[in-house]
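Here are some notes to read beside the model. Keep the 3D view open and find each element as it comes up.

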Amino acid sequence: MKLTICGTRGSIPVFGKEYEKYGGSTSCYLIETSSMALIVDAGTGIINVKGLSQQNIPILITHSHIDHLIGLMSFEGLKDAHKNIDIYLAKREGLSPKKQIEKLISNPLWPCRIDDYPAKVAINELKVSGKELVFGDIKVFSMEADHPGGSTIYRLESGNKKIVLVTDHEHRDEQKTKELVSFAKEADLILYDAQYTQEEYERHKGYGHSTPEAGIKLKEMAEAKKLVFIHYLPAHTDSFIKDQEESIKKQYSESKDISFGYEGEVITL
Ligand SMILES: [Zn+2]
Ligand SMILES: [Zn+2]
């Protein structure tokens with residue numbers, strides 16, 4: 001299994017010299033096996049996903065906050081009449097997946113609708129925590145995150161490898177943490193929401209985001225092999241994140257298996 005981080009940023013894209021290392025594009029991840037490719041989230045990072053050869057491309061959306069959806073209308077695959085784009089998203093705030101996407105991709109916010117693109121698009125309702133989805137040799141499991149309006153945590157399995165993608169999740173609820181520990185048990189890789197420092201988190205409780213320290217706790221409890229942080233606050237520049245990385249190296253003995261993900265990073269399991 002190969003995972004490419006196509007966008008690490010949360011809330012809103014950023015650009016410029018201060019963001020060259022970790023990147024400014026918002027949430028998007030490409031997961032590939034030898035026969036299959038699947039995308040999680042359609043933030044501006046999806047613009048980096050190019051040249052997929054397969055005809056059917058599944059896109060799993062965690063939730064429709066704008067940083068997870070705003071790149072969708074610029075996705076290369078939508079402009080190709082030979083592609084089938086299969087979008088999965090849970091019903092949120094009483095809105096069907098299609099309605100959520102149409103809120104963004106329709107007048108007056110955008111000049112056309114998702115159905116107007118050349119590709120054949122199917123929008124499917126994801127039942128969170130329901131039966132697993134199967135895409136070729138990738139199995140997808142889901143659980144509900146703790147996030148305003150809801151968000152989906154995904155576990156992707158192929159062969160004997162497991163990736164758990166925890167973005168837009170707050171770690172405050174003990175019961176939810178227990179559930180997440182068993183969901184992520186012995187994962188080969190956990191990607192984890194590192195939007196806030198501990199000090200920032202104290203001022204943003206209830207915003208639905210987490211900290212590197214909570215990610216490390218999860219890694220330890222779930223006995224996961226590798227932990228990579230994602231979903232950075234726009235204010236966290238390269239030098240800010242490098243300092244965070246340094247301080248984690250000093251504090252944790254297992255820090256070689258912990259890192260801050262960057263845009264364009266490829267992780268092979
Ligand atoms: Zn987000
Ligand atoms: Zn969100």
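This is a predicted model: local features need pLDDT of at least 70, side-chain atom pairs count only at pLDDT 80 or more; totals for chains, interfaces and linings use all residues.

1. **A term first.** Two strands pair if DSSP finds at least two bridges between them. Now apply that to E5 and E6: they run parallel, and six bridges join them.

2. **Overall build.** The chain has five helices and 14 strands. Its radius of gyration is 17 Å, close to the 18 Å that the globule rule gives for 269 residues, so the chain is as compact as a globular protein of that length. Along the principal axes, the C-alpha trace spans about 50 × 40 × 35 Å.

3. **Burial and contacts.** How much of the chain counts as buried? The figure is 46% of the 269 residues. Then look at contacts between residues at least 6 apart in sequence. Of these, 65% join residues at least 24 apart.

4. **The seven-stranded sheet.** Strands of a sheet pair through backbone hydrogen bonds, either parallel or antiparallel. Here seven strands form an open sheet with mixed pairing. Trace the order on screen: E6-E5-E4-E3-E2-E1-E14. Which strands are at the edges? They are E6 (120-125) and E14 (266-268), and each pairs on one side only. From one strand to the next, the twist averages 20°.

5. **The antiparallel part.** Start with E1 (residues 2-7) and E2 (residues 28-32), which pair in the antiparallel sense over five bridges. Gly7 stands opposite Cys28 in E2. Next comes E3 (residues 37-40), antiparallel to E2 over four bridges. Leu30 has Ile39 in E3 as its bridge partner. How many residues does the hairpin from E2 to E3 pass through? The hairpin joins these strands through four residues.

6. **The parallel part.** E4 (residues 56-60) pairs with E5 (residues 84-89) in the parallel sense, over five bridges. Find Ile57, which stands opposite Ile85 in E5. E5 also runs parallel to E6, as in point 1.

7. **A helix across the strands.** Helix H1 (residues 97-104) lies across E5 and E6. It runs at about 125° to E6. Together, E5, H1 and E6 make a β-α-β unit. Is that unit right-handed or left-handed? The unit is right-handed.

8. **Helix H4.** H4 covers residues 212-222, and its buried residues are Pro212, Ala214, Gly215, Ile216, Leu218 and Lys219. What covers them? The cover includes three strands to locate: E11 (189-193), E12 (227-230) and E13 (258-260). It also includes helices H2 (174-183) and H5 (238-251). After H4 comes Glu223, whose phi is positive, near 55°.

9. **The nonpolar core.** The largest nonpolar core has 72 residues. Which of them touch the most other members? They are Ile31, Ile163, Leu165, Ile190 and Tyr192. Take Leu165 as a case to check by eye. Leaving out residues up to four places away in sequence, Leu165 touches Tyr29, Val40, Ile153, Tyr154 and Leu191.

Note on methods: Residues are numbered from 1 along each chain as its sequence is written. Chains are lettered from A and ligands numbered from 1 in the order in which they are written. Helices (H or I, at least four residues) and strands (E, at least two) are DSSP runs, numbered from the N terminus. Axes are lines fitted to C-alpha atoms, for helices over the stretch in contact, and angles run from 0 to 180 degrees between N-to-C directions. Two residues are in contact if their C-beta atoms, placed from the backbone, lie within 7 Å. The radius of gyration is taken over C-alpha atoms; the globule rule is 2.2 Å times the number of residues to the power 0.38. A residue is buried if 20 or more other C-beta atoms lie within 10 Å of its own, exposed if 12 or fewer, and partly exposed in between; C-beta atoms are placed from the backbone. A nonpolar core is a set of buried Ala, Val, Leu, Ile, Met, Phe, Trp, Tyr and Cys residues joined through C-beta atoms within 7 Å. A crossover is right-handed if, with the strands pointing away from the viewer, the path from the first strand over the helix to the second runs clockwise.
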